[in-house]
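Open the structure in your viewer and keep the selection tool at hand. The tour moves from one selection to the next and says what is there.

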Amino acid sequence: MKINFILPFTSLTGGIKVIFEYANRLHDRGHDVICYVPMLAYRFNNYGLVGELKRFKSSIGNTLKRGTRVNWFDLKVPVKLVPIISNKFIRDADATIATAWPTAYSVNNLDESKGEKFYFIQHYEIWSGPKDLVDGSYKLPLKRIVIAKWLKDLMEKEFKVGVTSLIPNGMNFKEFYNDNKVFNKNKVILMLYHNLEWKGYKDGLKAFKIVKEKHPEIKLRLFGLKRGEGIPNYAEFYENPAKDILRNLYSTSDIFVSPSWTEGWHLPPMEAMTCKCAVVATNVGCIPDIGVHKDTAMVCEPHNIEGLANNMIELIENEELLKKISYQGYEKIKNYTWDNSTDLFEKTLNKEVSK
């Protein structure tokens, strides 16, 4: 098949990483895959004078700074930079896939010659654009592929539209692994630092402070794309760590804390489980699918700072439970392989294209 992925940009995000995984793996299976990126950046939330300046800056980033270069991922397929996403610049294909809410409108406007039109939905993206436009994108006549049950429920119950396929993300077990799990005497807590409020970093930090009052011996490690405000002096911070360093952080930490308010299907908890690091998480994104409380993870509801703290304390004070969560989380995540996910993705495209 000829498959077009329509991307808003090529910057490092979890969502873009997932798309590149599928692009590579479909290419390896003999399909002709191209990723398209517009020179003129999508508007997203950028309105007014300041918004236009941000959009102009993003357009420069798409065109000059990043362009067709992806230095953070071993991408095997071409990235084609085009002025805008339109019939003139997108090749005829068997399938064209939107990957973010603004791209859904672009794909919807393409001719039938561009192939069957899909919308790969990885989150409810109301933080990145006007709610009416984001909501409207889900009602477009596109074949919807979602990555989590909660998104399938949202499409069917809230927007009254069908879902063509539910395909959970996979894990790269060559990139993340731990062949020699060791538990620290003084427990080490690992957490993602992020400046997006809904990632819940501040909640996680507040929960850690509660735990540290009871267990002053514990240590905090943080990692993130870029150092910002709100990083305590006592924390170790790793800025944009390389894959081997990130794997080592997961592997040598005892507990990974994921305090998000909302997620699509977030990769860090899966990465932690793959490295046999016990996960303490809020019940969002992938957690309803992979996290069973006191079995494969320690789970509480979003915004529950006390719940996060209590779950950490229980693992710190109960070595047997900590080991159980670490090993059973790993056993659970072994079922989520990229080969399985790509099988489903490929079958979905084949089925809809051949209709």
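Two strands count as paired if DSSP finds at least two bridges between them. With that in mind, select strand E2 (residues 32-38) together with strand E3 (79-82): four bridges join E2 to E3, and the two run parallel. One of the residue pairs to pick out is proline 38, whose bridge partner in E3 is valine 82. Keep in mind throughout that this is a predicted model.

**The whole chain**

Zoom out and show everything. The protein chain holds 12 helices and 13 strands. Its radius of gyration is 21 Å, close to the 20 Å that the globule rule gives for 355 residues, so the chain is as compact as a globular protein of that length. Along the principal axes, the C-alpha atoms fill a box of roughly 60 × 45 × 40 Å.

**The sheet**

Strands of a sheet pair through backbone hydrogen bonds, either parallel or antiparallel. Now select the open sheet formed by seven strands, in the order E3-E2-E1-E4-E5-E6-E7, with parallel pairing. Which strands stand at the edges? They are E3 (79-82) and E7 (165-166); each has a single partner strand, so one side of each is left without a neighbour in the sheet.

H5 lies across strand E5 (116-121), strand E6 (143-146) and E7, and runs at about 145° to E6.

**Helices H1 and H12**

Next, select helix H1 (residues 14-28) and helix H12 (residues 338-353). Their axes are 10 Å apart and the helices pack at an angle of about 75°. Angles of 65 to 115 degrees count as roughly perpendicular, and H1 is therefore roughly perpendicular to H12. Show side chains where they touch: Val18, Glu21, Tyr22, Arg25 and Leu26 in H1 meet residues of H12, among them Trp338, Phe345 and Leu349.

**Helices H6 and H10**

Finish with helix H6 (residues 201-214) and helix H10 (residues 305-317). Their axes come within 8 Å and cross at roughly 45°, and the two helices are therefore oblique to each other. The crossing of H6 past H10 is right-handed. To see the contact, select residues of H6 including Asp203, Phe208 and Val211, and residues of H10 including Leu308, Met312 and Ile316. By class, the contact of H6 with H10 has 10 nonpolar, no polar and five charged residues.

Methods
Residues numbered from 1 in each chain as written. Predicted model: local features only at pLDDT ≥ 70, side-chain atom pairs only at ≥ 80, totals over all residues. Heavy atoms only, no water. Axes fitted to C-alpha atoms, helices over the stretch in contact; angles between N-to-C directions. Parallel < 35°, antiparallel > 145°, perpendicular 65-115°, else oblique. Left-handed = near helix turned anticlockwise from the far one by under 90°. Contact = heavy atoms within 4.5 Å. Nonpolar A, V, L, I, M, F, W, Y, C, P; charged D, E, K, R; others polar. Rg over C-alpha atoms; globule rule 2.2 N^0.38 Å.
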